Amino acid sequence: MRMSDTGDVWWKNAVVYCADVQTFSDSNGDGIGDLRGMTDRIEYLADLGVTCLWLMPFYPTARKDDGYDITDFFGVDPELGTLGDFVELVRTARAHGIRIIVDFVMNHTSDHHPWFRSARRSREDPYRDYYVWSRTRPRSSKKDVVFPDEEDSIWERDEKTGDYYLHHFYKHQPDLNVANPAVQEEISRTLGFWLALGVSGFRVDAVPFLFARDGVPGVEDAEAEAFNPDRYLGDVRSFVTRRLGDAVLLGEVNLPYPDQRRFFGGDDGDGLNMQFDFIGMQRFYLSLARGDARPLAEALRERPALDVTSQWATFVRNHDELTLDKLSTTERREVFAAFGPDPDMQLYGRGLRRRLPPMVSGDERRLRLAYSLVFSLPGTPVLFYGEEIGMGENLDVPGRLAVRTPMQWTPAPSGGFSSAPPQRLTRPMPGGVWGPEHVNVADQRKDPDSLWWFVRALARRYRQLPQSGWATVEVLDHAVPSVLAHVSRCEDWAMLAVHNLGEDGVIVPLTVPDVPEGARLVDVLGEGSDITLDGSGGVELDLGPYGYRWLLVARPDEDPVL
């Protein structure tokens, strides 16, 4: 594989960074982050090694769901800036080698959106079929809703006509009728608009809910029956790539692996380009809770093979609750007991509203282990803002917003996020040992032994090993339960990575398959010296508690440049 052949699939080797505009950097002192503030921090992201910035929603909103209740798909929330500010951000980022992708919510709108305000006026309104309605109340239960602590049905009665409208999320977020060609046209117009402004693609929100077939009682809808979700997703991909040849669609698809493969487009790979590996993430936390690598190893073995243009997005944390819904009830309780025993730390009975550092009581060995795993697994690493410095959550902030507190840049009372006093910030920061006086960018950039420098080193080493983004993964069998050993392969390139998820040091015997005679293992992270394999590819590795190593397989006559 020649790296010059891979430009149109840049996401295979990207380092993605997710940021919320309103909580990242405030340029005008009003206590709310904005696009100009984000632009001012582009050099910081470039220095960290970020190559793709994913922006959470910044559109006009009814302000009931942190921007995901959109009232205008073609604008910018006035509190965050203007379309001109957005274009300046895109151009500045591109000048620093950073592409921008934006959150795109195709599943629903706010009930304040002009489409829905019109649709609810009468059954004959031209926008009525932009949404899903029923004359009678369909059956529904809490298991059908996304937020069972706050909603008990996915159908809500509208007083004006007495009909019920569909909403998988909150009642103030009516679902769009994606089977309607007019809605599909609106989606295409929106995608085309943002591509024309310079974005490189979209993180597509809640993909499976776009195509849920919930059924309206007593109604035979030929349009809905004729709708083919797989074909439509392929149409969306075709549309964006016609507008921009190297555009990417990163999908939120929290489903079992076989279903995720379908959203990739199966063997043809003509669906989503990328999807988050939710299964691997959840098994990682189970492995970390047990000190046993086997749940994660099983997930990696279950990962389906993908089309060459498709890619897994690997992550430790995202902007929502840390969902554990694909674990069994018993397994989920294990993770809760280890990392969130207080009911206030849990959400919806399925996840945790915590960041990783407080979950592991600030144990930097486990933090470094986690990020070493994310960057060494085949796939594209995704960071959530503040992870690089070990930010904590603020449990006084309700729900999922506990992890979306302002970025901590300096030890100042408002963390360098804003010149406004702390009480005026868009959201209160954590206090105590997780407050900005103890956890901030400025202090860590001065300390070469800090977590910031470690994450930066991982990002840059990952970029220096581009084959990793194209590699397949092979999990090695061995006799030490706490250790995950995997080999990443791409043509004649291979790298062994070993991670000890246990609290005790171990010696792990391994056999690296399919290596040339006389091959040696070249240390990548500076954790030890090179190692020569025996004639059968065997080696014994000594790992400390929560230890890890990346080892490049080199031929006898090869001297890799790192």
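Y385 is buried, because its relative accessibility is 0%, where buried means under 20% relative accessible area, exposed over 50% and partly exposed in between, with a 1.4 Å probe and protein chains only. The model examined here is predicted, so that local features need pLDDT of at least 70 and side-chain atom pairs count only at pLDDT 80 or more, while totals for chains, interfaces and linings use all residues. Residues are numbered from 1 along each chain as its sequence is written, and side-chain values use heavy atoms, without hydrogens and water.

Rings of Phe, Tyr and Trp (its six-membered ring) are paired if their centres lie within 6.5 Å, and the planes are stacked when under 30 degrees apart, edge-to-face when over 60 and tilted for the rest. With this rule, 38 aromatic pairs are found. One of them joins F24 to Y385 edge-to-face, at 6.2 Å centre to centre and 90° between the planes. These partners are 361 residues apart: F24 belongs to helix 1 (residues 21-24), and Y385 to the loop between strand 14 (380-384) and helix 16 (441-445). Helices (H or I, at least four residues) and strands (E, at least two) are DSSP runs numbered from the N terminus. F24 is likewise buried, at 0% relative accessibility.

Both residues also belong to a cluster linked by ring pairs, with Y17, Y44, F384, W409, W452 and W453.

Charged groups complete the picture. The charged end of R355 sits over the ring of Y385, 5.2 Å from its centre; the criterion is NZ of Lys or CZ of Arg within 6 Å of the ring centre and within 35 degrees of the ring normal. R128 lies over the face of W133, 3.6 Å from the ring centre.
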